[in-house]
Amino acid sequence: MASPSFSPLALLTFLLLTSVQANAGTIAVYWGQNGNEGTLSDTCATKNYGFVILSFLTVFGRNQTPVLNLAGHCDPPSGTCTSLSSDILSCQSLGIKVLLSLGGDSSGYSLSSADDAKDVAAYLWNNFLAGTSSSRPLGSAVLDGIDFDIEAGGADYYDVLAQTLANYGNQGGEKLYLSAAPQCPYPDAHLNKALATGLFDFVWIQFYNNPPCQYANGSADKLVKAWEEWTESVDASVFFVGLPASQDAAPSGGYIPPSDLESKVLPVVRTSPKYGGIMLWSRYYDLLNGYSDAVKGSV
């Protein structure tokens with residue numbers, strides 16, 4: 001059979017479309033900080049997301065007793081969060097990865113030493129991952145990985161935490177995923193050392209509440225420049241464009257209307273072989289604004 005012939009313009013169009021299709025992405029979303037965002041199982045049942053990140057473990061390190069904060073969804077001290085085990089399994093049955101996020105906008109965490117980091121890793125492994133404990137806050141379900149959303153405290157020893165978690169994962173039968181949510185100014189003040197390990201599978205860069213590198217006034221120039229710096233400088237498997245799911249989700253800006261995301265941002269970032277999709281803060285704002293419904297066919 002003869003090969004089809006293309007004009008130069010048609011060939012270029014074909015190659016561009018092929019590249020875009022090859023780099024089709026998914027959506028990650030943070031869940032857990034608003035009791036009005038719906039259940040975890042309902043979130044996954046939308047099939048809008050490839051990753052759901054439980055937020056947050058707000059207290060850990062410095063020999064503190066770790067504290068899981070899932071807002072109005074459940075009360076860890078009374079054991080009611082164990083009911084989420086069936087929701088987690090439901091999400092995973094749909095092929096959705098469920099991770100636990102460390103940190104967030106809290107001052108209750110930091111690591112004081114390498115041994116402290118190793119202790120936190122052991123706690124995470126035994127209480128949320130494939131280890132064993134008599135007091136697993138989320139019940140028997142095994143999460144797919146750990147997310148580092150470190151926005152306070154120092155940067156020290158998160159590299160040790162990542163390496164120790166990776167070592168645990170290498171001992172188990174299932175892949176243990178590591179993700180990180182750095183701020184878009186490069187390098188990130190809190191996660192640079194951890195990211196330098198090259199151990200992270202997913203990096204969802206927060207392109208919001210950061211005027212130097214976010215979308216503003218109809219222009220994606222600052223975002224694109226930062227995206228290129230991150231993807232060229234950091235050794236990670238896949239990068240996501242982290243966005244607010246509504247204007248209210250980011251008081252200091254960065255919201256991108258769906259039509260602008262599709263026309264001004266995605267065509268550029270999807271040319272990177274490391275493009276993975278978009279991350280949204282958060283499920284609550286997405287539920288109110290319908291952002292993922294609007295863009296899921298284009299991501």
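Colleague: Hi! Which cysteine is joined to C184 by a disulfide?
Modeller: That would be C213, with an S to S distance of 1.9 Å. A disulfide here is a pair of cysteine sulfur atoms within 2.5 Å.

Colleague: And where do C184 and C213 sit in the chain?
Modeller: The pair links distant parts of the chain, 29 residues apart. C184 lies in the loop between β6 (177–180) and α6 (192–195), and C213 in the loop between β7 (202–206) and α7 (221–233). Helices (H or I, at least four residues) and strands (E, at least two) are DSSP runs, numbered from the N terminus.

Colleague: What kind of model is this, by the way?
Modeller: It is a predicted model, where local features need pLDDT of at least 70, side-chain atom pairs count only at pLDDT 80 or more, and totals for chains, interfaces and linings use all residues. Residues are numbered from 1 along each chain as its sequence is written, and side-chain values use heavy atoms, leaving out hydrogens and water.

Colleague: Good to know. Back to C184: buried or exposed?
Modeller: C184 is buried, at a relative accessible area of 1%. Buried means under 20% relative accessible area, exposed over 50%, and partly exposed in between (1.4 Å probe, protein chains only).

Colleague: What about the handedness of the C184 and C213 link?
Modeller: That link is right-handed, with 80° about the S-S bond.

Colleague: How many disulfides does the structure hold?
Modeller: There are three. One of them pairs C44 with C91, their sulfur atoms 2.0 Å apart. This pair also ties together distant parts of the chain: C44 is in helix α2 (residues 40–45) and C91 in helix α3 (residues 84–93), 47 residues apart.

Colleague: Why is the C44 and C91 disulfide called right-handed?
Modeller: Because the torsion about its S-S bond is about 95°.

Colleague: Is C44 buried or exposed?
Modeller: C44 counts as buried because its relative accessibility is 1%. C91 is buried too, with a relative accessible area of 0%.

Colleague: Now, which cysteine does C74 pair with?
Modeller: C74 is joined to C81, S to S 2.0 Å. The link of C74 and C81 is right-handed, with 95° about the S-S bond. C74 has 12% relative accessibility, so C74 counts as buried, and C81 is buried at 0%.

Colleague: Last one: what pattern do the disulfides follow?
Modeller: Counting bonded cysteines along the protein chain, the pattern is 1-4, 2-3, 5-6.
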